Amino acid sequence: MPGATRGRADTDPGDARARLVAAAVEFFARKGFHATTTRDIATAAHMSPAALYVHHPSKEDLLYIISRDGHEQTLRLVRAAVAESEDPAAQLAAIADRFAEHHARHHATARIVNYELSALSQEHLAEIAGIRRSIEAEVRAVVERGVAEGVFDASDIAMTTMALLSLGVDVSRWYRDDGEWTPERIGAYYRSLALRIVGLRTP
């Protein structure tokens with residue numbers, strides 16, 4: 001987290017909001033949403049608990065911002081991977097590689113984004129669910145094209161899509177920075193796993 005002083009936060013609202021979000025990520029990932037207090041977040045951001053409410057109406061609002069930004073970033077990542085090729089196999093390989101690497105490299109945020117959804121308000125959850133459906137739709141469309149073109153052998157497109165997404169998301173649950181595997185190695189291995197899941201037909 002940035003080490004700015006409280007005085008800086010008073011004159012730079014944008015910086016204060018960013019520090020509060022960074023502090024919330026740290027504590028939500030370590031303690032969970034419900035066990036984290038607004039005092040935990042404010043103290044880590046070098047602010048008073050009362051000052052937190054100047055920038056965010058609630059602890060849930062911080063969770064919503066983290067979740068929204070995380071899901072939107074993932075959607076952009078998936079769309080960028082799809083845009084690189086017309087070949088479904090190449091598209092899926094790129095998606096699986098970057099999706100898994102992203103969930104390893106940003107595992108703290110990814111755990112919050114994927115495993116604290118039940119703490120969101122109904123309104124915020126509905127918005128996040130819409131982004132998740134867009135991510136799923138992008139991946140499903142790639143699988144559908146691969147099956148239609150005879151490149152993939154997947155008998156259940158919907159279930160295959162969920163398996164691919166679940167595979168990448170779960171990286172954030174077990175990945176550790178001091179572990180044996182780097183994000184790049186995980187991404188490369190998950191690329192091969194994804195192609196096996198869809199039953200890639202090689203010439």
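The largest cavity is lined by Leu92, Ile95, Ala96, Phe99, Ala100, Val139, Leu164, Leu165, Leu167, Gly168, Tyr190 and Ala194. A cavity here is a set of points on a 1 Å grid, over the protein atoms alone, where a 1.4 Å probe fits but cannot get out, and lining residues have an atom within 4 Å of a point. This is a predicted model, in which local features need pLDDT of at least 70 and side-chain atom pairs pLDDT 80 or more, while totals for chains, interfaces and linings use all residues. Residues are numbered from 1 along each chain as its sequence is written, and side-chain values use heavy atoms, without hydrogens or water.

The space in that cavity is about 110 Å³, a volume being the space filled by probe spheres set on the grid points, which are joined across faces, edges and corners. Its lining has 11 nonpolar residues, 1 polar and no charged; Ala, Val, Leu, Ile, Met, Phe, Trp, Tyr, Cys and Pro count as nonpolar, Asp, Glu, Lys and Arg as charged, and the others, Gly among them, as polar. Helix α6 gives the most, 5 residues. Helices are DSSP runs (H or I, at least four residues), numbered from the N terminus.

Now the salt bridges. There are 12 in the whole structure, each a side-chain nitrogen of Lys or Arg within 4 Å of a carboxyl oxygen of Asp or Glu. Aspartate 15 pairs with arginine 19, closest N and O atoms 2.9 Å apart. Both are buried, meaning under 20% relative accessible area, with exposed over 50% and partly exposed in between (1.4 Å probe, protein chains only). Arginine 79 and glutamate 138 form another, at 3.0 Å, N to O.

Conventions: 1 Å grid on protein atoms, 1.4 Å probe; cavity = no way out; pocket = protein on both sides within 12 Å on 5 of 7 lines; lining within 4 Å. Helix = DSSP H or I, 4+ residues; strand = E, 2+ residues; numbered from the N terminus.
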